[in-house]
Amino acid sequence: MFLTLGRFVGKALLDDRLVDLPFSNAFFRAALKRHDIGLRDVAELDPSLARALSRLLTLADRAQALLASGVTAQKVEAAVTLDGVSICELCLDFTLPGEAVPLCEGGGEKAVTACNLHEYVPLVIRTLLVTAVEAQLNAFRQGFEEVLPLHHLCAFSEPELDVLLNGQQRQAAPAR
């Protein structure tokens, strides 16, 4: 399916045809292998997950700062809480939230703690946006490359790619 989608999108661009396929900016960044994939892409796809990950990232930074200042791991675990709940009490493990997809070797058995939170959040983001969809992205790229070299799109920003595919989308003026 993604191979065919890649061919279709490549052919549409080659023939200067508009299609009604509103891809997310995150998809464009991932398809073009841009290295700035991160929390903003999660926010575009799943705002509530992004908010939760952002809060955890703030706690991870706090935990790392405490560890760097010489505070013991045990005291860090007690001091770093989310709304009064310790990170250990959240019962998180190194799997994708809501899925049984491990984020690393033995992820299902590895508990998330305040001291390893800085590892957990980037792994969730990478797995969600890259690893879990790698086969689909590769198929899309392969199909696209059969029609048009993908590197020709690297000069365009994500909003410009959207205009190339969907045309200028104008918001209707609000009714008075």
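This is a predicted model: local features need pLDDT of at least 70, side-chain atom pairs count only at pLDDT 80 or more; totals for chains, interfaces and linings use all residues.
Two residues are taken to be in contact when their heavy atoms lie within 4.5 Å. The mean pLDDT of the protein chain is 89, and 95% of its residues reach 70 or more. Among the elements of the chain, helix 2 has the lowest confidence, with a mean of 87, while helix 4 (residues 47-68) has the highest, at 95.

Helix 7 spans residues 134-145, twelve residues in total. From its first C-alpha to its last, helix 7 reaches 16 Å, close to the 16 Å expected at 1.5 Å a residue. Its buried residues are L137, F140, R141, G143 and F144. These residues cover an arc of only 165° around the axis, which puts them on the same side of helix 7.

The side chains of E146 and R7 meet with 2.5 Å between N and O. Because E146 lies in the loop between helix 7 and helix 8 (158-166) and R7 lies in helix 1, the pair ties together parts that are 139 residues apart in sequence. Both partners are partly exposed: E146 has a relative accessible area of 46%, and R7 has one of 33%.

Another of them joins the side chains of D36 and R40, at 2.7 Å from N to O. Here D36 counts as partly exposed at 39% relative accessibility, and R40 is also partly exposed, at 46%. A further salt bridge links D83 with R55, whose closest N and O atoms are 2.7 Å apart. D83 sits in the loop between strand 1 (81-82) and strand 2, and R55 sits in helix 4, so this pair ties together parts that are 28 residues apart in sequence. D83 is exposed, with a relative accessible area of 63%, whereas R55 is partly exposed, at 40%. Salt bridges that share partners also join R29, R34, D41, E44 and E158 into one network.

Leaving aside residues up to four places away in sequence, S86 touches E77, V80 and T81.

The cysteines complete the picture. A disulfide is a covalent bond between the sulfur atoms of two cysteines. A search of the whole structure finds zero disulfides. For C91, the nearest cysteine sulfur is that of C88, 8.9 Å away; a disulfide would need the two sulfur atoms within 2.5 Å. C91 counts as exposed, at 68% relative accessibility. C104 is likewise in no disulfide, and its nearest cysteine sulfur, that of C88, is 16 Å away. At 25% relative accessibility, C104 counts as partly exposed.

Notes:
Residues are numbered from 1 along each chain as its sequence is written. Side-chain values use heavy atoms; hydrogens and water are left out. Helices (H or I, at least four residues) and strands (E, at least two) are DSSP runs, numbered from the N terminus. The expected span of a helix is 1.5 Å times one less than its number of residues. Buried means under 20% relative accessible area, exposed over 50%, partly exposed in between (1.4 Å probe, protein chains only). The arc is that of the directions from the helix axis to the C-beta atoms. pLDDT is the predictor's confidence in each residue, from 0 to 100. A salt bridge is a side-chain nitrogen of Lys or Arg within 4 Å of a carboxyl oxygen of Asp or Glu.
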